[in-house]
Amino acid sequence: MTFSSKLTLGILLLLCLTLSIGGGWTIDQNLQAALLSSQTQNTAFHQRERSALEQALRADDARSTGAAARSVQNYAGELQSSVGAQSFCFSVMDEQGTTLYSSLPRAVRYDVLRSAIAAGSQSVTFCYPGSSRYMVLASPLQGTMEGLWLVSVYDITALFTERERQLRQYLLLEVTALVLAGTAAAWFSHRMTRPLRALQSAARSMAEGAYDRRVPSCRQAEFDALGQDFNQMAAAVESRVDALQQESQRQTRFVAAFTHELKTPMTSILGYADLLRMGEQPPERRRQAADYIYHESKRLETLSRQLLQLLGLQQGGIILSPVAVRLVFADVRRSLPQDFPAAICTDCDPGAVVLADRSLLGDLVRNLVLNAANAGPKDGAVHLACTRREGGWELSVTDTGCGMAAEELPRITEAFYMVDKSRARRAGGSGLGLSLCAEIARAHGTALEFESRPGKGTTVRLLLKEGTE
Amino acid sequence: MYPVLVVDDEAPIADLITITLSQIGLPCVQAHSGSEAADLIETQRFDLILLDVMLPDVDGFELMEYIRPTGTPVIFLTARTAVDDRVRGLHLGAYDYIVKPFAAPELLARVEGVLRHSGRRDTLLRAWDVVVDPEARTAARNGEPVPLTPHEFDLLLALLHNRGITLYRSALLELVWGMDAEPSNRTLDIHMSRLRRKLGWEKHIRTVPRVGYMLEVEKTP
């Protein structure tokens with residue numbers, strides 16, 4: 001059962017109960033008042049009749065039962081001829097219960113009269129034969145002889161008919177009120193729970209994958225707050241799902257690129273090895289095959305070494321100690337090959353000491369220097385610098401080479417991402433160099449900052465904490 | 001008769017394919033980038049294009065746009081094994097695909113198959129008076145069919161695919177009998193002498209003592 005139908009039913013039940021009890025009580029009170037006034041009126045009639053009858057008896061001086069009966073009959077006859085019809089219904093009985101006269105309706109039974117006499121003149125007896133209602137009044141006739149009772153019966157059916165009418169009228173009123181109130185309550189509760197239904201449908205469509213569904217704001221404060229909270233939750237879920245999807249896309253790209261990087265050298269190695277082991281190839285082809293096998297194996301070896309280093313960095317922490325930057329720059333200079341195509345210009349504060357892992361920092365700077373040289377600097381040089389910044393030292397590697405477009409920058413540290421694949425490949429790049437640099441920077445608690453303009457050159461900056469020797 | 005275009009940014013792989021195809025007498029032209037390939041496709045005609053999917057500038061799938069109007073058959077070379085990639089290549093109109101790393105016999109078989117089906121070239125191998133159909137696996141001498149056992153035919157094919165090169169015994173055994181079988185050198189010698197007799201090549205198949213066998217290159221008169 002829904003909340004709105006429960007609310008409607010509850011309101012209806014309460015209303016129905018109140019109206020029924022209130023109405024019933026009012027109508028009952030009306031009846032009681034009518035009965036009371038009719039009793040007063042009937043008692044007066046009864047008294048008048050009694051004194052009239054007593055007068056008649058006295059006039060006839062009826063001292064025996066038979067005489068009394070005759071006298072009463074005469075009186076009744078006179079009454080009937082003067083007033084007409086049966087407007088007065090009465091009976092006269094003696095103490096033993098012998099009826100001297102009766103003009104009572106048949107429906108009023110004898111024992112009712114007896115019990116009315118037994119109850120005495122102060123009380124009222126009611127009699128309900130069939131659908132008629134009667135009020136029975138009894139009082140002793142005094143004067144000529146003892147033991148005579150006058151019993152009058154008054155028809156009060158009209159009072160009860162009136163009550164029935166009132167009840168019917170009231171019932172109609174109540175039903176009308178209930179229908180109106182029910183409609184209003186249903187409409188109101190439906191309207192009130194509309195935000196809940198909006199929330200429900202939004203939650204359902206979210207469960208089915210529509211993470212961008214939101215609920216509109218509404219006028220009721222509580223529901224509005226709930227809706228806002230729901231929207232916040234939905235936004236959080238959506239951004240999380242997005243992040244997961246991006247991560248999964250990145251993983252897919254990584255696996256595809258890794259497969260390619262692995263299979264390409266393998267294809268050459270296997271192919272040339274197969275060529276060599278099939279038969280006696282001419283010397284020139286033999287030399288070429290061996291050359292390719294050697295270089296492609298080197299490439300695989302570099303790839304596996306860098307990948308292992310990357311995994312190692314991602315898993316374990318490193319130990320940082322104070323290192324003089326000029327020593328790191330010197331390490332890099334020494335590690336470069338003899339035929340390195342670019343000059344190295346160093347601008348380093350001799351007192352610069354940073355917290356770092358010397359060999360990892362050396363690898364980082366070396367990779368950046370190799371990249372800078374591959375960019376083909378116009379002045380034929382790679383510029384290394386170390387300047388003081390707030391909180392430490394800033395290392396920078398600058399070249400005046402080909403540079404990169406702004407949209408490339410966010411992806412260049414992604415594994416196997418190569419801006420210019422053929423150029424990178426000729427230079428022996430595996431596509432892992434910058435990933436490795438970014439990872440080393442991360443292990444040092446900092447990050448690489450790239451600034452590049454196509455055709456102008458690139459600057460990579462790295463802020464390191466100051467160390468004391 | 002047009003050359004085969006080999007598109008691969010990896011020089012070693014492009015060279016490997018060129019060497020392999022030259023053994024069955026197919027001349028190759030190499031392109032090391034998508035744009036280079038597109039230029040060549042516009043200016044020259046080819047019997048077949050071997051196309052790497054991952055190229056630095058224009059990728060293999062995009063190159064199909066240039067190739068389709070020329071009607072040149074294409075075989076994709078790919079390091080990707082994902083079914084989606086292969087299906088995409090075939091949908092774009094490639095005849096076949098080869099997954100890297102590949103073995104030389106596989107490359108040759110696929111290239112021969114595509115050339116024959118596209119009607120670009122007959123792929124019959126000829127040596128002196130013998131004509132060999134690698135797909136139907138039949139050989140004929142002066143138009144007369146020569147009955148060969150499957151092993152003998154494989155030996156003949158290996159020799160024809162490596163003319164002028166001394167093939168090692170171990171390589172021949174593995175190529176013809178497979179990795180797991182253990183036939184003796186004697187088996188190889190018997191098969192070789194039967195092959196010589198059937199084809200009348202007593203002089204053309206040379207025995208290199210303790211090394212292997214070589215099918216001589218035909219001297220052009």
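## Burial and the example of B:Ala14

A residue is called buried here if 20 or more other C-beta atoms lie within 10 Å of its own, exposed if 12 or fewer do, and partly exposed in between, with the C-beta atoms placed from the backbone. By that count B:Ala14 is buried, because 22 other C-beta atoms lie within 10 Å. This is a predicted model, in which local features need pLDDT of at least 70 and side-chain atom pairs count only at pLDDT 80 or more, while totals for chains, interfaces and linings use all residues. Residues are numbered from 1 along each chain as its sequence is written, and chains are lettered from A and ligands numbered from 1 in the order in which they are written.

B:Ala14 lies in helix α1 of chain B; helices (H or I, at least four residues) and strands (E, at least two) are DSSP runs, numbered from the N terminus. Leaving aside neighbours within four places in sequence, B:Ala14 is in contact with B:Val6, B:Asp8, B:Gln30 and B:His32, where contact requires that the two C-beta atoms, placed from the backbone, lie within 7 Å. B:His32 is 18 residues from B:Ala14 along the chain, and their C-alpha atoms are separated by 8.1 Å.

Chain B has eight helices and twelve strands, and buried residues make up 35% of its 221 residues. Among the contacts in chain B between residues at least 6 apart in sequence, 51% join residues at least 24 apart.

A nonpolar core is a set of buried Ala, Val, Leu, Ile, Met, Phe, Trp, Tyr and Cys residues joined through C-beta atoms within 7 Å. The largest such core has 60 residues, of which B:Val7, B:Leu48, B:Ile49, B:Leu50 and B:Ile75 touch the most other members. The largest share of this core comes from α1(B), with five residues, and at least three residues are drawn from each of domain 1 (4-117) and domain 2 (125-215) of chain B, the bounds of which come from an automatic or database domain assignment. Not counting residues up to four places away in sequence, B:Ile49 touches B:Leu5, B:Val7, B:Ile67, B:Thr72 and B:Val74. Another core, of 38 residues, lies apart from the largest one and includes A:Leu360, A:Val365, A:Val369 and A:Val397. In soluble globular proteins, nonpolar side chains tend to be buried together.

## Where the chains meet

In the interface, 23 residues of chain B are in contact with 25 residues of chain A. On the chain B side, the elements that give two or more residues are α1 (11-22) and β10 (166-168), and α1(B) gives the most, with four residues. The residues of that side divide into 15 nonpolar, four polar and four charged, where Ala, Val, Leu, Ile, Met, Phe, Trp, Tyr, Cys and Pro count as nonpolar, Asp, Glu, Lys and Arg as charged, and the others, Gly among them, as polar.

Strand pairing also links the chains: two bridges join strand β6 (residues 279-280) of chain A to β10(B), and these strands run antiparallel, with A:Glu280 opposite B:Thr166. Two strands pair if DSSP finds at least two bridges between them.

## Paired strands in chain A

Within chain A, six bridges join β8 (residues 343-348) to β10 (residues 381-389) in a parallel arrangement, and the bridge partner of A:Ala343 is A:Ala381. Seven bridges then join β10(A) to β11 (residues 392-399), which run antiparallel, with A:Ala385 partnered by A:Ser396. The hairpin of β10(A) and β11(A) has two residues between the strands, and A:Gly391 takes a positive phi near 90° there.

α9(A) is mostly covered, with 15 of its 17 residues buried.

Helix α1 (residues 3-60) of chain A, with 58 residues, reaches 84 Å from its first C-alpha to its last, close to the 86 Å expected at 1.5 Å a residue. The buried residues of α1(A) are A:Ser4, A:Thr8, A:His46, A:Arg50, A:Leu53, A:Ala56 and A:Leu57.

Key: The expected span of a helix is 1.5 Å times one less than its number of residues.
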